[in-house]
Amino acid sequence: EYDIGDFVLSCAEAYRKAVGETSMALRLVDTPFLEIEEEEETTGKLQPIASSILMKLLYGSRIARRDLLNGIQVLSTRATKWNVSCDRALHRLICYVACTANHVLVGFVGDSPDAFRLMQYADADFAGDRPGFKSTSGASLSLTGPHSHFPLSAKAVRQTCVAHSIPEAEMVSANSAIRLMGLPSLDLWEVVLGRKIALDLIEDNESTVQI
């Protein structure tokens with residue numbers, strides 16, 4: 001288990017200190033997501049501290065809290081155009097962090113090394129990033145076997161192109177996942193295991209799978 005509960009609570013504490021309210025109560029929320037209103041033009045009060053809080057959270061999320069990656073990525077793209085809506089989204093993200101500090105990342109291995117293979121998961125939303133209508137790529141890589149599933153890495157990143165369909169967004173995500181995560185991992189694990197290892201791509205969009 002990767003347990004970084006103390007670290008994420010320190011992120012919430014850093015947020016309280018940065019806004020000058022060390023006794024602030026953080027409410028219980030179900031998800032870290034909040035719709036950001038692009039038409040809001042008023043600069044948010046939290047802009048001066050946003051980057052430092054998000055970068056602190058990013059460190060922990062890359063290690064063990066992958067459920068935070070997308071929320072951090074979305075807010076990071078707003079750093080230079082931060083508005084009041086972003087203030088609310090950051091506050092909700094911190095609330096979610098505080099009330100889920102007991103969440104851990106779990107991996108298990110119950111096979112011999114000759115049974116291992118790499119499992120590459122890829123997914124994308126479609127035009128989820130307003131106002132540019134760019135999609136977000138998500139990817140996760142695990143070492144797997146009949147009785148093993150050990151998470152290795154994950155990422156969420158805004159796509160640089162505008163997709164015109166869901167399959168197109170999914171293909172961009174799959175390409176990024178294989179090229180930047182899967183193939184480099186093949187080189188590493190072939191050295192570690194001393195043999196060739198398979199890489200399986202897991203994709204949930206039927207059209208993309210057929211293509």
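1. For the composition of linings, Ala, Val, Leu, Ile, Met, Phe, Trp, Tyr, Cys and Pro count as nonpolar, Asp, Glu, Lys and Arg as charged, and the others, Gly among them, as polar. By these classes, the lining of the largest cavity holds four nonpolar, three polar and one charged residues.

2. The model is predicted: local features need pLDDT of at least 70 and side-chain atom pairs count only at pLDDT 80 or more, while totals for chains, interfaces and linings use all residues. Residues are numbered from 1 along each chain as its sequence is written, and side-chain values use heavy atoms, with hydrogens and water left out.

3. A cavity is a set of points, on a 1 Å grid over the protein atoms alone, where a 1.4 Å probe fits but cannot get out; a pocket is an open set with protein on both sides within 12 Å along at least five of seven lines, and lining residues have an atom within 4 Å of a point. Grid points are joined across faces, edges and corners, and a volume is the space filled by probe spheres set on the points. Helices (H or I, at least four residues) and strands (E, at least two) are DSSP runs, numbered from the N terminus.

4. One cavity of 30 Å³ or more is found in a search of the whole structure.

5. The largest pocket has a volume of about 400 Å³. Of its 21 lining residues, L58, R62, L69, A154 and K155 lie nearest its centre. At least two lining residues are supplied by each of α2, α3 (69–76) and β3, and β3 gives the largest share, eight residues. By class, the lining comprises 14 nonpolar, four polar and three charged residues.

6. Five salt bridges are found in the whole structure, the criterion being a side-chain nitrogen of Lys or Arg within 4 Å of a carboxyl oxygen of Asp or Glu.

7. One of the salt bridges joins R16 to E13, with the closest N and O atoms 3.3 Å apart. The two residues are three apart in helix α1, and so about one helical turn separates them. R16 is buried at 16% relative accessible area, whereas E13 is partly exposed at 29%.

8. R88 and E37 form a salt bridge at 3.7 Å, N to O. This pair links distant parts of the chain, 51 residues apart: R88 is in helix α4 (residues 84–99) and E37 in the loop between α1 and α2 (47–63). R88 is partly exposed at 38% relative accessibility, and E37 is partly exposed at 35%.

9. A salt bridge also connects K196 and E190, at 3.8 Å from N to O. K196 is exposed, with a relative accessible area of 67%, while E190 is partly exposed at 23%.

Terms used. Buried means under 20% relative accessible area, exposed over 50%, partly exposed in between (1.4 Å probe, protein chains only).
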